[in-house]
Amino acid sequence: MLALSLGMAWLLLAPLALWLLVRGTGGERVTAIVTLVLLEAGTIVMSSAAHPPAPPPAAAAHVAPQPCAARTPVPTSATVSKELVLSWAAAPHECATADVVVRTHGRKVLVWLHEGPTAGTHRPVLTLPVDVKGHTAALKVPLKEKSGYVLVDGRTGRRIPLSAPI
């Protein structure tokens with residue numbers, strides 16, 4: 001109800017105060033300025049009363065998640081069935097997704113992993129979810145062909161040990 005009254009005061013008093021500022025005498029001009037200042041002050045008070053300031057966040061109640069750092073994990077093992085499952089040691093703030101590039105070169109399957117913010121790449125990249133269990137992180141890469149290939153970390157050139165036969 002108070003907001004409605006303030007709105008009506010603006011509709012009625014503001015045009016009158018502006019007219020008195022232009023055509024009124026010295027005392028009428030002062031009264032017009034005081035009226036406009038009071039209308040503006042009332043609006044500010046109404047707006048702050050309608051939206052009370054938010055309470056400060058509790059220090060221990062809601063902890064914001066730590067952003068993950070950019071890193072290139074090194075796969076420690078791989079499992080091949082219907083898909084390629086790569087696993088590595090999880091970081092304290094493991095990213096939820098990882099960028100994966102898979103290329104075949106002869107009988108080798110080269111795999112590059114990258115976590116965190118990327119600066120862009122010229123290769124086609126798969127962004128896949130990372131599953132963290134305990135101290136091990138893993139992701140599943142869809143494969144078209146799976147027989148007779150050797151899995152290699154594309155960054156280091158080292159073979160990725162298999163935990164199940166191909």
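Because the model is predicted, local features need pLDDT of at least 70 and side-chain atom pairs count only at pLDDT 80 or more, while totals for chains, interfaces and linings use all residues. Residues are numbered from 1 along each chain as its sequence is written, and side-chain values use heavy atoms, with hydrogens and water left out.

Met 1 sits in the segment before helix H1 (2–23), where helices (H or I, at least four residues) and strands (E, at least two) are DSSP runs numbered from the N terminus. Met 1 is exposed, with a relative accessible area of 79%; here buried means under 20% relative accessible area, exposed over 50%, and partly exposed in between (1.4 Å probe, protein chains only). Together with Leu 4, Met 8, Leu 11, Leu 12, Leu 13, Leu 16 and Trp 19, Met 1 forms a nonpolar surface patch with about 930 Å² of accessible area. Patches consist of residues with over 30% relative accessible area and no salt bridge, like charges being joined within 9 Å and nonpolar side chains (Val, Leu, Ile, Met, Phe, Trp, Tyr) within 5 Å.

Two packed helices are described by the angle between their axes and the distance between the axes. H1 packs against helix H2 (residues 26–50) at an angle of about 155°, with the axes 9 Å apart. That makes H1 roughly antiparallel to H2, a term for angles over 145 degrees.

The structure also holds five salt bridges, each being a side-chain nitrogen of Lys or Arg within 4 Å of a carboxyl oxygen of Asp or Glu. In one of them, the side chains of Glu 94 and Arg 71 meet at 3.1 Å, N to O. Glu 94 lies in the loop between strand S2 (83–89) and strand S3 (97–105), and Arg 71 in the loop between H2 and strand S1 (77–80), so the pair ties together parts that are 23 residues apart in sequence. Glu 94 is buried, at 15% relative accessible area, whereas Arg 71 is partly exposed, at 28%. Arg 71, Glu 94 and Glu 115 are linked in a network of salt bridges.

Glu 83 forms another salt bridge with Lys 140, the closest N and O atoms being 4.0 Å apart. Because Glu 83 lies in strand S2 and Lys 140 in strand S7 (residues 136–142), this pair ties together parts that are 57 residues apart in sequence. Glu 83 is partly exposed, at 29% relative accessible area, while Lys 140 is exposed, at 52%.

Methods
Areas by Shrake-Rupley, 256 points an atom, 1.4 Å probe, with all protein chains shown as cover. Axes fitted to C-alpha atoms, helices over the stretch in contact; angles between N-to-C directions. Parallel < 35°, antiparallel > 145°, perpendicular 65-115°, else oblique.
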